[in-house]
Amino acid sequence: MLPVPDGLDGMRVDAGLAKMLGLSRTVVAELAETGEVLLDGRPVGKSDRLTAGGLLEVTMPEPENRVEVVAEPVEGMRIVHDDDDIVVVSKPVGVAVHPSPGWTGPTVVGGLVAAGLRISTSGAAERQGVVHRLDAGTTGVMVVAKSEHAYTVLKRAFKERTVDKGYHAVVQGHPDPTRGTIDAPIDRHPRHDYKFAVVAGGRPSVTHYEVVEAFRAASLTEIKLETGRTHQIRVHFSALKHPCAGDLTYGADPVLARKLGLSRQWLHARTLGFAHPADGRWVQFESEYPDDLANALKILRDEN
């Protein structure tokens, strides 16, 4: 937290923070518009005024790592909806959302460029339009902003948790109770930096779940995310000793994974609902299970 110096009293947030942090006013304005700037615990806009002695809390932008966007068609990526403001896709397995250092596989951003879609938003070129992410090993529905207005509105909606994110997961065993909430903070794993874990003092993380179908060794679970931390569902169910089937990184049984033909976690972003940035009407989109998850589910059902 930063106290506002007397010399900045009454100054606009974008001008004052730019002076304090050495950032451009454009960057500060974007941070404020997406709810990343708090004054005395409350979000402030770019044109609000600073008060001497007030406590500022700023979530800084990620450092930019320059990576090239490769326009490459993505096999199996389906465009669910496309208009002037947004494009909604069903992401296949093995596809990252955007390029990053060390990733050499296909990306959603590259696939959209290859499909001829124009994304006109601020931010680093390799993350154009990206307002939320799915792991490369997680399939399902996601939205990308095409216009600057949609980018700002959707980033704020995800930040303020007004987006309805529905997942399906097959988890090992039978969670008890069959309907509940997992409220446990998440941060980097203390020993393995490629993983995350429930850690005291981590970022607040809340997952709501309900078992919708029980099998001999596993349960099909419907999940609503209140927060959107990296690997959140995988970490939370692993902490409950009910990891996603096939998720060897987080303690799944390799014997069951082989039996179900899974080479990744059984986790799918099933539905996504939000207020459309153009006119505020509620829209909802859905993604069907891909073949590997559908086949694993069939094996479980046939055993019952």
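This is a predicted model: local features need pLDDT of at least 70, side-chain atom pairs count only at pLDDT 80 or more; totals for chains, interfaces and linings use all residues.
Strand S6 spans residues 86–91, and six of its six residues are buried, so the strand is largely enclosed by the rest of the structure. Ile 86, Val 88 and Ser 90 point one way from S6, while Val 87, Val 89 and Lys 91 point the other way. In a regular strand the side chains alternate between the two faces of the sheet. In S6 the residues pointing either way are all buried, Lys 91 and Ser 90 among them.

S6 pairs with two strands described here. With strand S5 (residues 78–82) the pairing is antiparallel and runs over four bridges; three residues lie between S5 and S6, and the two form a hairpin. Within this pairing, Arg 78 stands opposite Ser 90 in S6. With strand S7 (residues 139–145), S6 again pairs in the antiparallel sense, over six bridges. Here Lys 91 is opposite Gly 140 in S7.

## Helix H4

Helix H4 (residues 148–159) has 12 residues and reaches 17 Å from its first C-alpha to its last, close to the 16 Å expected at 1.5 Å a residue. Its buried residues include Ala 150, Tyr 151, Leu 154, Ala 157 and Phe 158. They cover an arc of only 135° around the axis, which puts them on the same side of H4. An α-helix has 3.6 residues a turn, so residues three or four places apart point the same way.

The cover over the buried residues of H4 includes helix H2 (25–33), strands S6 and S7, strand S8 (164–172) and strand S14 (267–275). Arg 161 follows H4 and has a positive phi, near 60°.

## Helix H1

In helix H1 (residues 13–21), the buried residues include Val 13, Asp 14, Ala 15, Gly 16, Leu 17 and Ala 18. Among the elements that cover the buried residues of H1 are H2, strand S2 (37–39) and strand S4 (55–58). Just after H1, Gly 22 has a positive phi of about 70°.

## Salt bridges

The whole structure contains 17 salt bridges. Lys 155 and Glu 30 form one of them, at 3.7 Å from N to O. Lys 155 lies in helix H4 and Glu 30 in helix H2, so the pair ties together parts that are 125 residues apart in sequence. Lys 155 is partly exposed, with a relative accessible area of 23%, and Glu 30 is partly exposed at 25%. A salt bridge also joins the side chains of Lys 159 and Glu 36, at 2.9 Å from N to O. This pair links Lys 159 in helix H4 to Glu 36 in the loop between H2 and S2, 123 residues apart. Lys 159 is partly exposed at 38% relative accessible area, whereas Glu 36 counts as buried at 15%.

Glu 213 and Arg 301 meet in a salt bridge at 2.8 Å, N to O. The pair links strand S12 (residues 206–214), which holds Glu 213, to helix H7 (residues 291–303), which holds Arg 301, across 88 residues. Glu 213 is partly exposed at 26%, as is Arg 301 at 40%.

## His 242

His 242 is found in the loop between helix H5 (232–239) and helix H6 (254–260). The residue is buried, with a relative accessible area of 16%. Not counting residues up to four places away in sequence, His 242 touches Val 171, Gln 172, Gly 173, His 174, Pro 175 and Phe 237.

Methods: Residues are numbered from 1 along each chain as its sequence is written. Side-chain values use heavy atoms; hydrogens and water are left out. Buried means under 20% relative accessible area, exposed over 50%, partly exposed in between (1.4 Å probe, protein chains only). Contact means heavy atoms within 4.5 Å. Two strands pair if DSSP finds at least two bridges between them. The expected span of a helix is 1.5 Å times one less than its number of residues. The arc is that of the directions from the helix axis to the C-beta atoms. A salt bridge is a side-chain nitrogen of Lys or Arg within 4 Å of a carboxyl oxygen of Asp or Glu.
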